Amino acid sequence: MLTIDALSAGYSAVPVLKGVSIRVQAGQFVAIVGPNGAGKTTLFKSISGIVTPSAGSITFEGADLLALPPSRRPHLGIAHVPEGRQVFPSLSVMENLEMGAVTEAGRRDWRANIERIFEWLPVLAERRDQLAGTLSGGQQQMLAIGRGLASSPKLLMLDEPSMGLSPAIADFIFERLIDIRKQSGLTILLVEQRVAEALESADHGYVLEAGRVVLEGNNQSLRADDRVRQAYLGM
Amino acid sequence: MGRRRDARLGLKQGNAVTALVEGIFQALVAGLLIGAIYGIMCVGLGLIFGVMRVINFAQGDFMMLGMYAAFYCFTAFGVGAVFGTTWGPFVSILAAGPILALVGYVVHRLLISRVSGTRTASLEGEGHHAQLVLTLGIALVLQNGGLMAFGSVLASIRTPLSSSAWELGPFLDMSVFVNKARGIDALMAVAIMAGLALLISRSRLGKQLRAAADNSVAATYMGIDVDRAHRIAFALGTGITAIAGGLLATNYPFHPFVGVDYVIVMYAGVVLGGMGSIVGAFWGGMTIGLVQQMSTLILPTQLQNAAIFVVFLLIVFFRPQGFFGRNVERT
Ligand SMILES: Nc1ncnc2c1ncn2[C@@H]1O[C@H](COP(=O)(O)OP(=O)(O)OP(=O)(O)O)[C@@H](O)[C@H]1O
Ligand SMILES: [Mg+2]
C-alpha cells in the first residue's frame with residue numbers, strides 16, 4: 001500500500017533521513033520506534049509533503065506521492081494524526097471533525113463516520129460544541145484521532161499519540177486504537193516511544209536510529225531481538 | 001421682578017441642556033454611521049491578517065482603487081445611466097467589491113503568494129521582511145499609478161441623498177438628523193458584515209479559512225489547499241475594504257493618496273479588535289468611528305485623529321489583547 005524507498009530528507013542542509021525504506025501492506029499495523037531525534041516525525045512530514053525529500057521515492061497504492069502537492073495527498077486516503085495533536089484551537093470539536101472530512105471520501109461517509117467516531121470516543125460527542133483549544137491534552141489527542149478517522153482514510157498515520165499524556169490516558173488511547181483497528185480493519189502506521197506497547201500490538205516493526213532503519217522484523221522476531229530487548233524494553 | 005428673571009434664566013439653561021444633549025446624540029449617531037463603514041474597512045484588513053498573518057500595507061490603496069472603481073462604474077460604465085443618480089452610486093459601490101476582489105486575487109497570485117503561505121512556512125522572520133517590503137512597494141505603485149491614471153483632482157460619488165436627511169424624533173423636544181446617504185451606507189456596511197460573519201462561521205469555506213488561520217500545517221494534513229485559502233482571504237479582504245471606500249466616497253471627496261488617511265483607522269481598528277479576530281475588527285472600527293465623532297464635541301476637528309490615537313493607546317495599554325483577543329493559545 002505504502003512503499004518508501006531509499007528516502008533521504010532534512011531541513012535546509014541538515015540531513016535527517018539517510019536512505020530509509022519502509023513498506024506498509026494493506027491491513028497491516030506497522031510500528032516505527034526509535035530514540036528522540038531519529039527522524040520519525042521527519043519521515044511522516046515527508047509522506048505528507050511538509051518536508052521535501054532530497055532523494056528516494058514514496059508511492060501510495062501505485063501513485064507517486066512526491067509528484068502530488070501536499071494538500072492533495074490526504075484525498076488519496078492518507079490521514080496524518082500529527083505529533084503534538086495540532087487540533088484547530090479556535091474551532092469547535094465538531095468543526096475540527098468536519099475539517100477531517102474535507103476529503104471526498106470523508107464527505108461521502110460523513111454520517112456513518114461521525115456515528116462510529118462518537119461511539120469509539122464518546123467524549124467528543126459530549127464536548128462537540130466546545131472549542132478544541134479548551135480541551136485537555138488527552139481529549140485533544142482523541143479529537144486529533146477522530147479528525148483523522150473522519151476523512152475515511154485507507155491508511156492512518158499516528159505520530160506519538162501518547163506524547164505528554166499521563167500513563168493512564170495513554171493506555172486508554174492505546175486500547176481505543178486497538179479496538180478501532182479490530183473493528184475497522186484500517187491500515188495503521190504508528191510512531192511510538194512506548195516501544196513495548198507498540199511492538200506488542202503491531203504486525204511489523206522498524207527501529208529507526210539517526211536517520212537509518214537499523215532493524216526491522218515481525219512482531220515476534222523484534223521482541224526476541226537482544227538489541228531491542230536491551231535498548232527499548234529494558235530487559 | 002426678581003422672580004421673573006429667575007424663570008427666564010431657567011428657561012435659557014433648559015435650552016442649553018437640550019442643545020447639549022442633542023449634540024451628544026447627534027455625535028453618537030454620526031459615530032455609529034461612520035463606525036459601521038470603518039468597521040468593514042477594518043474587517044478587510046483583519047481578514048487578511050487573521051488568515052494569512054500578513055500585514056498588508058497596501059490595504060488603504062486598494063481601498064482607494066475601490067473608490068475609483070465605484071466612481072467609474074457610476075460615471076463612465078453606465079451604472080449611473082441604468083440605475084439613476086439616486087441608487088446608481090450604491091450599485092456602483094457594490095460592484096467595486098467583486099472588481100477589487102478580482103484585483104486582490106490576481107495580486108496575490110502574482111506577488112503576495114511568493115512571499116507568504118506555505119512557501120515561506122519554514123522561513124519565519126525572513127518571510128515577514130519580504131512581505132513588508134512587497135506590500136509597501138505595492139502601496140507606492142498604486143498611489144503613484146493612481147496619480148497618473150486618475151489625476152490629482154478631488155473626485156466624489158455624490159447622490160442626491162448625500163444632501164438630505166431623515167429626522168429622528170422629536171423626543172422631549174430633541175431631534176437627531178440622519179443624512180440619508182450615510183444612513184444607507186451604514187445599513188449596507190452592517191448587511192455586508194452580517195453576511196461575512198455568517199460565511200466565516202457557518203460555511204464550509206469559512207471553516208476552512210479559520211482552520212488554515214489556526215494551523216496551516218494541520219490544515220494541509222486535512223487536505224485543505226492553504227495557498228488557495230489565502231488567495232480567497234486576500235480577495236475577500238480587498239473587496240470588502242473596497243466597498244467601505246466606496247461608501248465613504250458618498251460623503252467624502254477622495255484622491256489617489258486618500259489611502260494614507262485611513263490606514264491609521266484600519267490598523268487601530270484591527271489591533272483594538274484583537275489581531276486576528278474578524279468580528280473584533282468590526283467592533284474596533286466601530287469604536288474608532290465613535291471616538292472620532294464624539295471627540296468633535298470637545299476637540300477641534302483637526303485633533304480628531306489625535307483623539308483616536310489616545311484612545312487607541314489607552315485601550316492597548318489596559319487590554320493589549322484587544323477586545324476580542326483570544327486567550328486560547330495558537331499552536
Ligand atoms: N523544523 C526543523 N528545522 C530544523 N531541524 C529540525 C526541524 N524539525 C526537526 N529537526 C531536527 O531533525 C532531527 C529529527 O527530528 P524529528 O522530529 O524527525 O525526530 P523524531 O524522531 O520525531 O524525534 P521525537 O521522538 O523527539 O519526536 C532532530 O535532530 C531535529 O532537531
Ligand atoms: Mg517526533
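The legends below describe views of a predicted model.

**View 1. Magnesium ion (ligand 2) and its protein donors in chain A.** Two residues supply the protein donors of the magnesium ion (ligand 2): Thr41(A) through OG1 and Glu83(A) through OE. These donors lie 1.9 to 2.0 Å from the ion. The pair joins distant parts of the chain, 42 residues apart. Thr41(A) sits in helix α1 (residues 40–48) of chain A, whereas Glu83(A) belongs to the loop between β6 (78–81) and α2 (93–100).

**View 2. Accessibility of Thr41(A) and Glu83(A).** Thr41(A) has a relative accessible area of 17% and is buried, because the cut-off for buried is under 20%. Glu83(A), at 27%, is partly exposed.

**View 3. The loop that holds Ala67(A).** Ala67(A) is located between β5 (63–64) and β6 of chain A, in the loop that links them. Its relative accessible area is 57%, and Ala67(A) is therefore exposed, as the cut-off for exposed is over 50%. The C-alpha atom of Ala67(A) is separated by 30 Å from that of Asp203(A), a residue 136 positions away along the chain.

**View 4. Chain A, with 10 helices and 10 strands.** The radius of gyration of chain A is 17 Å, close to the 18 Å that the globule rule gives for 235 residues, so chain A is as compact as a globular protein of that length. Along the principal axes, its C-alpha atoms fill a box of roughly 45 × 40 × 30 Å. Buried residues account for 54% of the 235 residues. Of the contacts in chain A with a separation of 6 or more, 67% are between residues 24 or more positions apart. Chain A exposes about 9,600 Å², with 49% supplied by carbon and sulfur atoms. Its 23 positive and 25 negative charges have mean positions 3 Å apart.

**View 5. Chain B, with 11 helices and two strands.** The order of elements along the sequence is α-α-α-α-β-β-α-α-α-α-α-α-α. Chain B has a radius of gyration of 22 Å, close to the 20 Å from the globule rule for 331 residues, so chain B is as compact as a globular protein of that length. Its C-alpha trace spans about 85 × 50 × 35 Å along the principal axes. Of the 331 residues, 51% are buried.

**View 6. Surface, contacts and charges of chain B.** The accessible surface of chain B is about 15,500 Å², and carbon and sulfur atoms make up 68% of that area. Residues 24 or more positions apart provide 75% of the contacts in chain B with a separation of 6 or more. The mean positions of its 21 positive and 13 negative charges are 5 Å apart.

How values were computed:
Residues numbered from 1 in each chain as written. Chains lettered and ligands numbered in written order. Predicted model: local features only at pLDDT ≥ 70, side-chain atom pairs only at ≥ 80, totals over all residues. Heavy atoms only, no water. Helix = DSSP H or I, 4+ residues; strand = E, 2+ residues; numbered from the N terminus. Rg over C-alpha atoms; globule rule 2.2 N^0.38 Å. Buried < 20%, exposed > 50% of the residue type's maximum accessible area, 1.4 Å probe, protein only. Contact = heavy atoms within 4.5 Å. Areas by Shrake-Rupley, 256 points an atom, 1.4 Å probe, with all protein chains shown as cover. Lys, Arg positive; Asp, Glu negative; His and termini not counted. Charge placed at Lys NZ, Arg CZ, Asp CG, Glu CD. Donors = N, O, S within 2.8 Å, 3.2 Å for Na, K, Ca; no water.
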